[in-house]
Amino acid sequence: MSQQGYVAAPPYSQSQPGIGGFGPPNSPIHYGHYGDPNSSYSAPQPGVSKSAVPFGSPAPVGPPPPGAQQFSQASFQNGSGTPGPQPHRFQGPSPPSNTGPSYRPYSHQSQAAFPNTAPASSTAQLADQLNSMQINSYGPGTAPSSGASPGHPVAFQGPRVLPSAQQQMGLPPAPQLPPPPANSVNGLCAQPALPPMARQGGIPGPVPPNPNLQHLPGQPPGPGYHPQQANYGPQMAASQLSYPGAFPGGPAQLSGPPQKKLDPDSIPSPIQVIENDKAARGGQIYATNTRGQVPPLVTTNCVIQDQGHASPRYIRCTTYCFPLTSDMAKQARIPLAAVIQPFAAVPPNETPLYLVNHGETGPVRCNRCKAYMCPFMQFIEGGRRYQCGFCNCINDVPPFFFQHLDHVGRRIDHYERPELSLGSYEYVATLDYCRDKKPPKPPAFIFMIDVSYRNIKSGLVKLICDELKILLDKLPREEQEESSAIRVGFVTYNKVLHFFNVKSSLAQPQMMVVTDVAEVFVPLLDGFLVDFEESRSVVTNLLDQIPELFADTNESETIFAPVIQAGMEALKVRTFLSVREVEYFVNVVSSALCLHGGSVDFNVEPAIGVEFNKRANVVSLEQAAECAGKLFIFHSSLPTAEAPGKLKNRDDKKLLNTDKEKVFSALSEEGTASYIAESVWLYDASVLTLFQPQGNYEALAKDCVTSGCCVNLFLFPNQYIDVASMGLVTMYTGGTLYKYNNFQLDTDSSQFLSDLRKDVQKKMGFDATMRVRTSTGFRATDFFGAMYMNNTTDVEMAAVDCDKAVTVEFKHDDKLNEDTGALIQCAVLYTSMGGQRRIRIHNIGLNCSSQLADVYRTCETDALINFFAKSAFKAVLNQPLKTVRDILMNQTAHMLACYKKNCASPAAVSQLILPDTMKVLPVYMNCLLKSCVLAGRPEIPTDERAFQRQLVMAMGVADTQLFFYPLLLPIHSLDLKSDAVPAAIRCSEERLSEGGAFLLANGLSMFLWLGASVSPELIQGLFNVPSFAHISTEATSLPDLDNPFSKKLKHILAQIQSQKPYTMKLMIVKQREQPEMLFRQFLVEDKNIYGGASYVDFLVCIHKEISQLLS
Ligand SMILES: [Zn+2]
């Protein structure tokens, strides 16, 4: 297959033409590291379609031996299962007008049939391709790890999860294992006969995947699976699954009668992994005193104590032990990455960061590599010198910093100085670290409100103004300060811009209109950015008047880029001018006023307001960035007014199905034709295009970053709005994008206001630059996040808040050193909310090993998924979706194959063996592959996909974990006596029950799903209505009722919400009513109606790939 689809963009881009992932048959193998020039990916293979390969059913065979971690062919049966239930068409009532924020209403098109994503032919091709893959060598220097046990004797306990199911399956619990914790999924899943009930309801089950496949005529049944006794070993540390060696080699399998599926309880459960970690490490103190130690999972609550390495709240790594050499790294292909959330929120029971102030001398830094003083510096010569842990340079200790060493060579002030004993701390920066060597001014917030017709009529403008009156009293401030130093300013706009003078000495606010949007300038120097305390009455007056002022507007067109431009320019305006400058300005402005009719206040029609021309701008020509800040833009429509940044509607419907030439010409018009490489644009061409921004927003974004201007965007679209273009500046400046589809005041206000409140009050840093330094032998090569890079090392963020994470990939330069380990120092230079220039330092030390098993043993799947998601979502900008999916599949298979070959006990080819730390990697990877960004189905609006893409790019590990594998809680069995949140259950329809009620949340959306026969008491308790039929699904919140059940549930909702950056709107979904289709997309272990394999199918597929790699 052609490789021409590649466009340079590591790590996806550097494969060699003609080399499939593992080369064509008999070709030499370049088993490269992810993204390495020698690495490669397989020629496009049907990604999602692989899912449809059916497989055998679990057989009721004898119990596995004790300590089972290995799931053998014993769990398969010759393909003679009874036909699975046929998926029913959904027969519910027509959808309500507002089915939810995320997706279009379930359409008849997709209702008609669950799309067949795996035509037999593609499966056949897949099989052929898979069969043709070979691995000739694993490269040099790969002594297989002797101990097959990577040290996690905790086996994956799949079969223990569901006792009732086990009995059914004849797979009793392994007797030697301790009973699962009381709050494990055991009890919760033990609803009687869930799957049959659920399917009776006409909701197609996840499993008999594709009805169409069952209709393929004339093909013999597949080879089938024969029960075999597995090679169970109590000593086996890795979780192992065994699949039949004779995986269906081709389409023949497709024709058999629908087969029973693999018992879902026998495959690794994410919930079990989460619960096990909670049981083992939850509620404890985790001290970061050991290099390379693996922290508790991101889902486990514990108290973190900084003892020399950064808290996992700030840095999480894909592995805590790096391979010693680049050859090893290439062999394993485990991404070496750190997910850094430099301003992560810290709970009250943990210590906030110390602030170190060395006065005018500033921080102590290595002369050569400029690393900051930290616990990795080694003091020598009686304390007069120190050796840098990063570059090994010997430095003199500055006299002011000198201290004697104790008998073990440690400075006697070791524990008195945060920079000697802690993983994270801050320095006060000197003027050398400031723009123009001048201390920064406190940052500013500028509120910019779209006052076009729709926003006025919907009541949105009034809602915003009313809320701001309250919110401005809650601006963030430094811990020790009584009031916020942040200044505020106000702009409204439609086709023109209105600036407001809210200087405290004014009796009334003044408005100045700028109609020249082609080259925006700020028409006032003083009185635009003010201290709210001082200008309270004028600002309040303004916010009262804005809705009135534009009440009669009929302007529906808007501008957008000039709005950002104006906000950025306003931050540059100097508030302290020389006398001469003031005189000059007064003259210029006076002449402008004369020309245009004088000043205005609110009694004057805006249209005849002062219209400054560019002459007034003369003053600001030489202006330097005067303060950093954040724009809050509230915008509703595609900016089609004649102005820079004007956007065209290029919704997918218009571009889909156009021929290549048309796509080309559309691209050329938008100036992005340079992305096109020759003739290979056809895959997903239109979709690909639509992720690319139109117009010149990139240049604007760069300007904003340079000016320290962060752009927060609140979008309220009721049709296509081109999120990919409009969100770009937000993305590059470290801002946050919010989107409220079809915003309705009554149902959506609370979600929006909650988001706005959180955002305004967020702790954050402004005008930030981040640098990641490493010890010798490796370096940071790639960065993913809401940020901008002007060069290869400095991550620039106009602002960075507590929820933003940058994912950094590392590559080897050289051999690492096992003794000194792999050290990472992340330094963020920024301006604090109080206007102080500071440097925030996070240090973490990782181990290095020549044993691959050590690398696998310390992997963290949640961080891996964060890395994979961001690297893939970055790649979709210039690569076909299918290529991106294939690379993910391939790399997953490579990582697992390498483990099986080098680290696991010898096992039959037929066995799927997963490292303990990666046993849920397949399920998460599958969730990523079928996320709406990568799935590429036209059913989901382009804007929604661009939105989710952007969100994920900025997420930390906890957020990606929840986003890709939602939380699903059974709430019908709440323990009212306990404060605890009930244990989650797996995201599969089989886990639901008709008599139950379930809460699902993924960080963006939240659903309350109600089974058709849920008890009337529960309905009464939650909704205060007598029956299921009385429940309104229009509500977006639960009523406040005075009963323990309702209170408890509300408490849980608040708890889930409290830790998440986005407010989740609650949707109430009744079983067998149409909006249920939305909900079902979040049951990520099931086959997705939009295409995307079930977890079980995916495992089979991955296993097949691994087997091919190792054969
Ligand atoms: Zn150094």
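Modeller: Let us begin with the open sheet of four strands, ordered E5-E7-E24-E21 and paired in the antiparallel sense. Strands here are DSSP runs of E with at least two residues, helices are runs of H or I with at least four, and both are numbered from the N terminus; two strands pair if DSSP finds at least two bridges between them. Before going further, please keep in mind that this is a predicted model, in which local features need pLDDT of at least 70 and side-chain atom pairs count only at pLDDT 80 or more, while totals for chains, interfaces and linings use all residues. Residues are numbered from 1 along each chain as its sequence is written, and side-chain values use heavy atoms, with hydrogens and water left out.

At the edges of the sheet sit strand E5 (315-317) and strand E21 (778-784), each pairing on one side only. From one strand to the next, the twist averages 25°; axes are lines fitted to C-alpha atoms (for helices over the stretch in contact), and angles run from 0 to 180 degrees between N-to-C directions. E5 is joined to strand E7 (residues 337-340) by three antiparallel bridges, and cysteine 317 has alanine 338 of E7 as its bridge partner. Helix H22 (residues 861-875) packs on this sheet, where it touches E5, E7, E21 and strand E24 (806-812), and its direction makes about 60° with that of E21. Contact means heavy atoms within 4.5 Å.

Next comes the zinc ion. Its protein donors are the SG atoms of Cys366, Cys369, Cys388 and Cys391, lying 2.2 to 2.3 Å from the ion. Donors are N, O and S atoms within 2.8 Å of the metal (3.2 Å for Na, K and Ca), and water is not among the atoms, so sites may look incomplete. The arrangement is tetrahedral because the four donor atoms subtend angles of 100 to 114° around the zinc ion; four donors count as tetrahedral if all angles lie between 85 and 135 degrees. Along the chain the donors follow the spacing C-x2-C-x18-C-x2-C. Cysteine 369 lies in the loop between strand E8 (355-356) and strand E9 (378-380), and cysteine 388 in the loop between strand E10 (385-387) and strand E11 (394-396), so this pair ties together parts 19 residues apart in sequence.

There is also an open sheet of seven strands, with mixed pairing and the order E16-E15-E14-E13-E17-E18-E19. Its edge strands are E16 (510-514) and E19 (737-739), and neighbouring strands are turned by 20° against each other on average, direction ignored. Strand E17 (residues 629-635) pairs with strand E18 (residues 709-715) in the parallel sense over seven bridges; in E18, cysteine 709 is the bridge partner of glycine 629. Helix H10 (residues 460-471) lies across strand E13 (444-450), strand E14 (487-493) and E17, running at about 160° to E13.

H10 also packs with helix H20 (residues 745-761), at an angle of about 35° and with the axes 11 Å apart. Among the residues that meet there are Leu463 and Ile464 in H10 and Phe752 and Leu753 in H20. By class, this contact of H10 with H20 has nine nonpolar, two polar and two charged residues, where Ala, Val, Leu, Ile, Met, Phe, Trp, Tyr, Cys and Pro count as nonpolar, Asp, Glu, Lys and Arg as charged, and the others, Gly among them, as polar.

How values were computed. Tetrahedral: all angles 85-135°; square planar, octahedral: opposite > 155°, others 65-115°.
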